[in-house]
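The sequence and the structure are shown first, and a description follows.

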Amino acid sequence: SSPGGVKLQQQQQGMKTEEAMQLYDWDSQPERITVLSLDEALGLSHGSGMSGVELLGLPQVDSVRLIKIDVEGMEKEVIAGARMVVQTYKPIIWTENVAYFSSQ
């Protein structure tokens with residue numbers, strides 16, 4: 001991966017389902033990270049059992065006006081993870097579409 005990028009490995013025995021291993025390109029010890037969808041982070045879906053508010057101490061969110069997506073081909077997965085946020089708050093969604101512009 002590029003600098004600042006991550007590589008996710010398979011779930012490690014004993015880790016919770018919302019955790020994954022994060023490895024950078026340089027030599028360093030693996031870190032545990034929490035993986036939540038936007039719906040889970042905002043407490044609109046409890047796929048991991050706890051919302052981001054409870055799990056990470058995130059502030060309560062009362063509205064979402066804009067979602068900017070820059071994920072290099074994973075846009076559909078981001079939208080799927082934010083389905084309840086989109087339905088509840090109806091934000092503007094701003095995303096790149098490199099495939100569209102490359103085909104023109």
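## Overall architecture

The model is a predicted one.

The chain has 104 residues, of which 20% count as buried. Among contacts between residues at least 6 apart in sequence, 37% join residues at least 24 apart.

## Confidence of the prediction

The average pLDDT of the chain is 75, and 62% of the residues score at least 70. Confidence is highest in helix H4 (residues 83–89), with a mean of 95, and lowest in strand S2 (residues 19–23), with a mean of 49. Over residues 21–25 the pLDDT is below 50, yet this stretch has 24 contacts in the model beyond near neighbours in sequence.

In soluble globular proteins, nonpolar side chains tend to be buried together. In this chain, the largest nonpolar core consists of 6 residues: Leu 42, Val 64, Ile 67, Ile 69, Ala 82 and Val 85. Apart from neighbours within four places in sequence, Ala 82 is in contact with Leu 38 and Asp 39.

Val 85 belongs to helix H4. Is Val 85 buried or exposed? Its relative accessibility is 0%, and because the limit for a buried residue is under 20%, Val 85 counts as buried. Beyond residues up to four places away in sequence, Val 85 touches Leu 38, Asp 39, Leu 42, Leu 44, Val 64, Ile 67, Lys 90 and Pro 91. Val 85 and Asp 39 are 46 residues apart along the chain, while their C-alpha atoms are separated by 5.9 Å.

## Val 53 in helix H2

Val 53 is located in helix H2 (residues 52–56). With a relative accessibility of 25%, Val 53 counts as partly exposed. Residues up to four places away in sequence aside, Val 53 touches Ala 41, Leu 58, Pro 59 and Gln 60. A separation of 6.7 Å lies between the C-alpha atoms of Val 53 and Leu 42, which are 11 residues apart along the chain. Leu 42 is itself one of the residues of the largest nonpolar core.

## A nonpolar patch on the surface

Which residues form a nonpolar patch on the surface? The patch is made up of Leu 66, Ile 92 and Trp 94, which together have about 360 Å² of accessible area. Leu 66 lies in strand S4 (residues 66–69) and is partly exposed, at a relative accessible area of 46%.

Lys 90 is situated in the loop between H4 and strand S5 (92–95). Its relative accessible area is 65%, and since exposed means over 50%, Lys 90 is exposed. Lys 90 is also among the residues that Val 85 touches.

Most residues other than glycine have a negative phi. Lys 90, although not a glycine, has a positive phi of about 50°.

Notes
Residues numbered from 1 in each chain as written. Predicted model: local features only at pLDDT ≥ 70, side-chain atom pairs only at ≥ 80, totals over all residues. Heavy atoms only, no water. Core = buried A, V, L, I, M, F, W, Y, C linked by side-chain atoms within 4.5 Å. Buried < 20%, exposed > 50% of the residue type's maximum accessible area, 1.4 Å probe, protein only. Contact = heavy atoms within 4.5 Å. Patch = residues over 30% accessible without salt bridge, like charges linked within 9 Å, V, L, I, M, F, W, Y side chains within 5 Å. Areas by Shrake-Rupley, 256 points an atom, 1.4 Å probe, with all protein chains shown as cover. Salt bridge = Lys/Arg side-chain N within 4 Å of Asp/Glu carboxyl O. Helix = DSSP H or I, 4+ residues; strand = E, 2+ residues; numbered from the N terminus. pLDDT = per-residue confidence, 0-100.
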